[in-house]
Each structure stands twice: as C-alpha cells, then as structure tokens.
Amino acid sequence: MPAKSIMIQGTASDVGKSMICTALCRIFSDDGLKVVPFKSQNMALNSFVTKDGGEIGRAQGVQAEAARVVATTDMNPILLKPKQDMMSEVIVHGKHFLNMDAKSYRNNFVQEAMPIVEKSVRTLQNTYDVIVLEGAGSPAEINLKDRDIANMRMAHLADAAVVLVADIDRGGVFASIVGTLALLDEEERARVKGLIINKFRGMRELLDDGLAWVERETGIPVLGVIPYVEVNIEAEDSLALSSLRFKKPKPGEFAVDVAMIRLPRISNFTDIDPFFDEPEVGVRLIGHVNELGTPDLLILPGTKSTMDDLAWLKAQGFDQAITHLRECGTKIIGICGGFQMLGETLLDPEAVEGNGESADGLGLLPMETIFVGNKKTVQMTGVRGQDTLTGYEIHLGRTKILRDAVSPFLLLEDGREDGAVSQDEQVIGTYFHGLFHNRTFTRQLVNEIRVKKGLAALPSDVKSDAERREDAYNMLADHVRANLDMKKIYELLSLEVSI
C-alpha cells in the first residue's frame with residue numbers, strides 16, 4: 001500500500017514549516033512508523049551531503065535524521081543554490097545540473113522537473129509508511145502558481161492532507177490564514193485539512209475567541225497552537241542570520257569573542273552554530289569593517305561565489321583589516337570559500353565563478369586555487385593529532401600549496417591532505433565543513449584562546465554533536481506533540497496508531 005502523506009504548507013516563508021516537519025518526522029518514528037521527509041524543490045544556502053555524495057537541502061538532511069532514516073536525494077530531488085543576483089545553481093538528484101536565471105528556470109525547466117519529482121515521490125511511497133512533505137514559501141503566490149512545483153501540485157501528486165502553518169509572532173495571523181485560503185482555488189482549498197498557529201507567546205486563553213472565529217470563518221479546524229521555543233537545530237537559509245541568536249554581544253560581555261564575516265553570498269553558515277553552546281563565548285556577525293574590532297577568533301565562512309565575495313571584502317576594506325588582525329594576534333580560520341580567500345592567487349580559467357578572471361587573495365597562506373567545473377561533494381573523516389574529525393566537503397576549487405611554509409590541517413581517510421596551517425598556527429584554512437561540530441575540537445580551540453588570555457580552561461569532556469542533535473529532536477517532538485492534536489493528525493492520514 002502506498003505511503004500516507006501529510007504536507008506542511010505555510011502562509012509565508014519562515015513561519016516554521018521546517019521545524020514542524022522535523023518534529024513530525026520524530027513523532028511518527030517514535031510511534032513506530034517508517035517515515036520519510038520530502039521537499040520537491042528547495043532553495044537553500046545551507047546544504048547537506050548524503051552518504052553517496054549527493055547534495056540536498058540541509059532541512060531534509062536534518063529531517064531524515066529526526067526520522068531515523070538515511071538521507072537520499074529522493075528526499076529533495078531539486079535544490080536551488082543562489083549564486084548571483086537572479087541566478088542559481090540547479091542541482092538535480094544531488095549533482096550539479098546547470099546555472100540558470102530565474103526567468104529561464106520558471107519558463108523552461110519547471111515542466112522538465114515534474115517527471116524527476118514524481119519519480120522520487122513514487123519511490124518513497126513504495127518504501128515508507130508516511131511521507132512528510134514540506135512546502136515552500138506560500139501556496140498562494142498568484143504570480144507563481146502556474147509554475148509552482150513545491151506546494152499544491154505536490155499535494156495533489158502525493159494525495160496529501162495539507163496542514164497550513166501561520167506565524168503569530170509576526171502579527172496578522174488570522175488575516176494571513178484567511179487571505180491564503182481565499183487565494184487558493186476550490187480543489188486546492190479542499191486539500192487543507194487543518195491549521196497550526198506557530199510561535200505563540202502569551203496567555204493561551206486570550207487566543208480562544210480568535211481560534212473559534214477562524215474555524216467558523218474557514219470551516220477548517222485548528223489542530224494546534226505551538227508556543228514559541230528556541231531549539232538548537234540547524235537552519236536552512238539566510239533568514240536565520242537575522243534571528244536573535246546573532247544579537248550583537250556588548251563589548252566585554254563574553255570572555256571569548258568570535259566574529260564571522262557575513263559575506264553577501266554566504267553558504268553553509270551553520271558551521272558556526274556550535275559556538276553558541278560554548279560557555280562564555282560571544283558570537284558576532286560582521287557586515288561592515290567598522291564593526292570588526294579585535295576578536296579572539298575570526299571566521300571566514302563558505303560562499304556560493306568566492307570571487308565575487310572576495311571582491312566585496314576588498315571593496316569594504318576587510319582585506320587590510322584582516323591583515324591587521326593577524327598582526328594583532330587574532331586567530332583566523334577560513335572554511336571552503338573562506339579558505340580559498342586566504343591564499344595568494346585565485347584562478348578561474350574555465351569561467352566557473354564568473355568571467356574567467358584571476359584575483360589576488362588575502363595572502364595569509366602560500367597557496368593557489370584553480371576553479372574547475374566538477375564540484376566535489378563528499379562526507380569525510382580526517383585526523384588531526386590524536387583527534388578524529390567528521391565533516392563534509394562541497395567545493396569547486398582545487399587548492400595547491402606553493403611553499404613549505406605551512407603544514408596540512410588534516411589527513412583525510414582517503415589519503416589526501418586537507419587545508420593549511422601557518423607555522424605559528426594562527427591562520428588555518430580547510431575545506432572541511434562541520435569542523436566545529438566536532439565538539440572536542442571546538443572546546444580545545446576555545447580553551448586555547450582562554451589560556452592565551454589568562455583564563456582558566458573549561459572542562460574537556462563535552463557532549464557529542466550527535467547526542468546534542470538527538471536531545472534537540474526529542475525536545476522539539478515532545479513540545480509539538482504536547483500542543484498538537486496528534487489523534488486528529490492520524491485520523492487525517494487514516495492511520496490507527498496507539499498514542
């Protein structure tokens with residue numbers, strides 16, 4: 001029998017669809033069902049590398065882990081990664097397909113994508129008990145609906161019961177629900193079987209009259225009111241960069257000051273998440289050179305366009321400021337595109353990154369990067385000293401060390417050497433995403449800074465990242481289950497489950 005399907009759609013972007021899907025994946029798994037996440041088309045800056053080297057949206061990687069299944073490209077067959085203004089890399093089943101502007105994608109590729117998406121849905125339907133589909137943005141974008149393959153078209157294809165999520169924290173929640181439903185056609189509206197009010201703060205009883213009104217007005221039951229909760233689960237896109245997690249610390253508020261440059265085309269910025277868990281560490285996101293100050297640790301993150309963001313760095317004056325920080329004793333770590341920027345020369349002979357020009361890097365490490373069209377996407381394990389580190393690579397450039405003035409950062413399991421470390425270990429570059437999610441390494445790094453500043457080291461025993469993620473999935477699932485009518489959810493799916 002084909003899998004039952006439930007689809008979480010939203011009245012807008014960033015209403016909490018991904019989190020609700022993640023919670024449902026863990027809840028269904030806890031209740032003994034074989035559950036799988038699915039998003040037909042995802043636009044995201046943060047991606048996830050599957051075991052076979054495919055690239056999918058990070059949210060689907062997270063949801064697969066919450067569902068206790070191995071992530072595959074069928075869970076997100078089409079991934080769009082913004083590259084330049086109105087231009088994205090189109091990734092099909094985890095591999096680079098082409099770069100395309102928004103107009104060409106909408107006019108030429110969307111119909112070609114449908115057979116790809118349908119094949120993935122059928123594969124999942126024949127393998128699992130329940131599919132948790134995630135929509136994109138809103139299903140009521142009337143200028144996009146005829147080519148929208150991420151919302152109602154997917155609900156029809158998978159025969160999914162749709163639950164509409166609205167964010168009360170941004171205001172106008174009832175108008176957003178009624179307005180969204182009003183812009184759906186009759187067949188689409190009939191698929192909406194329930195409503196969820198998300199990110200609620202305040203006294204629940206003060207909402208009751210509004211809930212009764214919206215149920216009368218729409219004829220659709222409110223299945224839950226989910227109180228606002230902070231949960232440590234990786235974010236999908238750049239909307240998360242404006243969250244309260246990046247509220248600027250006051251000078252001297254924290255013992256260790258970590259700064260990350262907010263590149264215009266930043267990607268896989270979840271690399272920095274573990275620092276939020278470190279005691280007495282403040283994290284600052286820097287968009288202007290006059291905000292930089294003198295941090296203890298400066299991180300140059302990944303980027304979807306190294307050459308463009310390097311040009312931006314120089315135009316903003318960050319190149320001189322970073323050189324000055326190196327002289328002042330700030331530790332500097334570049335990851336992926338940030339690593340490439342630390343070198344002396346960047347070459348683009350195949351015009352992979354732009355118009356084929358070369359550029360001078362920041363000159364902090366003696367190396368040269370050449371961009372090639374074959375993207376490397378792979379999960380990796382590496383060894384540094386006594387530590388074994390796990391992570392993943394996603395990059396186009398190939399980097400060559402020019403002189404023996406540096407040592408490799410990691411020895412990888414496939415025999416390659418990764419990255420470069422200056423002789424004084426003050427500058428580190430690596431292609432290894434997920435580096436700081438190796439919590440023992442991160443604690444050692446923080447302690448190195450603390451001792452240098454005359455502070456006592458923190459205890460070296462830390463909970464692993466896998467344990468932290470499990471705690472987060474369980475906490476989120478418990479929170480959502482307590483505030484969602486799961487009995488009604490199972491009725492919508494025609495499933496009899498003892499809960």
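I started from the UniProt record, an unreviewed entry, which lists Cys336 and His433 under "active site". UniProt positions are given in the numbering used here, feature names are shortened, and annotations may be inferred rather than shown by experiment.

Ground rules before I go on. This is a predicted model, with residues numbered from 1 along each chain as its sequence is written. Local features need pLDDT of at least 70 and side-chain atom pairs count only at pLDDT 80 or more, while totals for chains, interfaces and linings use all residues; side-chain values use heavy atoms, with hydrogens and water left out.

**Entry: Cys336**

I found Cys336 in the loop between β18 (331–335) and α10 (337–341). Helices (H or I, at least four residues) and strands (E, at least two) are DSSP runs, numbered from the N terminus. Buried or exposed? Cys336 is buried, at a relative accessible area of 6%. My cut-offs are under 20% relative accessible area for buried, over 50% for exposed, and partly exposed in between (1.4 Å probe, protein chains only). Not counting residues up to four places away in sequence, Cys336 touches Gly302, Ile394, His395, Thr430, Tyr431 and His433. A contact here is heavy atoms within 4.5 Å.

**Entry: His433**

His433 sits in the loop between β27 (427–430) and α11 (439–452), and it is buried with a relative accessible area of 1%. Which residues does His433 touch, not counting those up to four places away in sequence? I get Asn268, Asp271, Gly302, Ile335, Cys336, Gly391, Tyr392 and Ile394. One of these, Asp271, also has a side-chain polar contact of 2.7 Å with His433. The term covers a pair of N or O atoms within 3.5 Å; within protein, one must be able to donate a hydrogen and the other to accept it, and residues adjacent in sequence count only if both atoms are side-chain atoms.

**Entry: Arg58**

Leaving aside neighbours within four places in sequence, Arg58 is in contact with Asn46, Ser47, Phe48, Glu234, Thr270 and Tyr392. At 8% relative accessibility, Arg58 counts as buried.

**Entry: aromatic rings**

How many aromatic pairs does a search of the whole structure find? The search gives 8. Rings of Phe, Tyr and Trp (its six-membered ring) pair if their centres lie within 6.5 Å; planes under 30 degrees apart are stacked, over 60 edge-to-face, and the rest tilted. Phe28 and Tyr490 have ring centres 5.6 Å apart and planes at 65°, so I log them as edge-to-face. Phe28 is in helix α1 (residues 17–30) and Tyr490 in helix α13 (residues 486–492), so this pair ties together parts that are 462 residues apart in sequence. Both Phe28 and Tyr490 are buried.

Phe409 and Phe441 are also edge-to-face, at 6.1 Å centre to centre and 80° between the planes. Phe409 lies in the loop between β23 (406–407) and β24 (410–412) and Phe441 in helix α11, so the pair links parts 32 residues apart in sequence. Both Phe409 and Phe441 are buried. I then noted that Phe275, Phe409, Phe436 and Phe441 form one aromatic cluster.

**Entry: helices**

Helix α3 (residues 102–125) has a kink of about 55°, centred on Phe109. The bend at a residue is the angle between axes fitted to the seven residues ending there and the seven starting there. Phe109 is on the buried list for α3, which also includes Tyr105, Val110 and Ala113.

In helix α8 (residues 306–316), the buried residues are Thr306, Met307, Asp309, Leu310, Trp312 and Leu313. Gly317 follows α8 with a positive phi, near 85°.

Most residues other than glycine have a negative phi. Arg68 has a positive phi of about 65° although it is not a glycine; I placed Arg68 in the loop between α2 and β6 (78–84). At 44% relative accessibility, Arg68 is partly exposed. Ser494, in the segment after α13, has a positive phi near 55°. Ser494 is exposed, with a relative accessible area of 58%.
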